[in-house]
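Have a look at the model first, then read on.

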Amino acid sequence: MPADISIVGLPVLVVLAVFTLAAIVAAVWQRHRLRWWGEILIGVLIVVLLAANVGGWVNRHFDYYPTLDDLLGRRAADQASVGSLDTSKVPATGKVVELRIPGPASGFHARTAQVYLPPAWFGRPRPKLPVIVLLPGVPSQTDDWTRSGFADVTSDAFAKLHGGKTPIVVMADENGSITGDTECVGTDVGDVEKYLTVDVPAFVERRFHAATTPQRWAIAGLSEGGMCALMISLRNPDVYRTFADYSGLVGPRSGDTNAVGSTVADLFGGRKAEFDAHDPSTLLREQRFPGLGGWFQVGSADSAPLAAQQQLVPLARATGIDTCAVTTPGGEHTFRLWAQAFRDSLPWMAGRLGVTEPVACPQS
């Protein structure tokens, strides 16, 4: 997590606690001077601040808004507008731009994406850099991976060690809204799988002069996005030859557990064959995937995703997938785990994508 000594860089919970304590002290100290309406206002303020503190404790658990400046709108350490990009020189750090990736083939109206461009991207002649597509989970905002997952900070640190080179990171939308949950299949908001396998690659290759071969494209994600990354790579190895699944369930699900439940009806209109065609366990049992590489990472305290990883990893290895599996001791379903997972897996992905020499899986 980057250091920030300004007041807005303080942890959200600290700021809330200070304001709450100040309000209570002021109320007690000045109570004899307050009129009845003043006492009511102070009481309401204290109740609001106490409620905010409860929210702050929840936020602290998930690390969703690490500091107050994140809560107030900070999206990335190196935020820049597309129009203001200075392409005449190579910057010391990468830049994160916000732009909309259209969905002409899929019909999916995605929210604005965040795109990290490493220092090497600004060189001349412009190199054809590889790409990592990063997906959030549910609920989500499209800047989750920079604000809470520090993907830009991690990428900058990696680039600094490798002459400014690291993959372009496209933080794309797969849900269409904060609470949307498409599971990356065809839904009433559009064909999300086609968006991520046709629309996004075509746009990024054209707009950012990116590499065009599947060996140089990876897809990764957290929670629902992690499952999506696995499923999409298995179904589309001609687009993504590398995937990373951070805390994903065993497959598309309409709930928060690995149980199939009403998934077939909810997501596939009751068509069991369609469910099977999107179910990673079924795909891994029925097909082989030589040339694919997959990274699985989960926290030991995250029961359902941990069970999913324990089921999927042996199947993946049996199909010829170059498989890394990491279980983080004490890790939970939080951005603390997901930020670490991207940091842990980036060298391995960069090796597979041709940025560096291949990197062996760590011992878990």
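Strand β9 (residues 242-246) and strand β10 (residues 293-299) run parallel and are joined by 5 bridges. Within that pairing, Phe 243 has Gly 294 in β10 as its bridge partner. Helices (H or I, at least four residues) and strands (E, at least two) are DSSP runs, numbered from the N terminus, and two strands pair if DSSP finds at least two bridges between them.

Bear in mind that this is a predicted model: local features need pLDDT of at least 70 and side-chain atom pairs count only at pLDDT 80 or more, while totals for chains, interfaces and linings use all residues. Residues are numbered from 1 along each chain as its sequence is written, and side-chain values use heavy atoms, with hydrogens and water left out.

Zooming out, 9 strands make an open, mixed sheet in the order β1-β2-β3-β5-β4-β8-β9-β10-β11. β1 (79-80) and β11 (322-328) sit at the edges with a single partner strand each, so one side of each has no neighbour in the sheet.

Now for β5, which has these two partners:

| Pair | Bridges | Direction | Residues standing opposite |
|---|---|---|---|
| β3 and β5 | 3 bridges | antiparallel | Gln 114 and Met 171 |
| β4 and β5 | 4 bridges | parallel | Val 133 and Val 170 |

Both faces of β5 are covered: Ile 168 and Val 170 on one side, and Val 169 and Met 171 on the other, are all buried (under 20% relative accessible area; 1.4 Å probe, protein chains only).

What lies across the sheet strands? Helix α5 (residues 151-161) lies across β2 (95-99), β3 (113-117), β4 (131-135) and β5 (168-171), at about 15 degrees to β3. Helix α12 lies across β4, β5, β8 (217-222), β9, β10 and β11, at about 160 degrees to β10. Axes here are lines fitted to C-alpha atoms, for helices over the stretch in contact, and angles run from 0 to 180 degrees between N-to-C directions.

α12 (residues 335-352) bends by about 40 degrees at Leu 346, with Pro 347 following within four residues. That bend is the angle between axes fitted to the seven residues ending there and the seven starting there. Buried residues in α12 include Phe 335, Trp 338, Phe 342 and Trp 348. After the helix comes Gly 354, with a positive phi near 90 degrees.

Last stop: Phe 208, in helix α6 (residues 192-208). Phe 208 is buried, at 1% relative accessible area. Beyond its neighbours within four places in sequence, its contacts (heavy atoms within 4.5 Å) include Val 97, Val 115, Trp 121 and Ile 168.

Terms used
Buried < 20%, exposed > 50% of the residue type's maximum accessible area, 1.4 Å probe, protein only.
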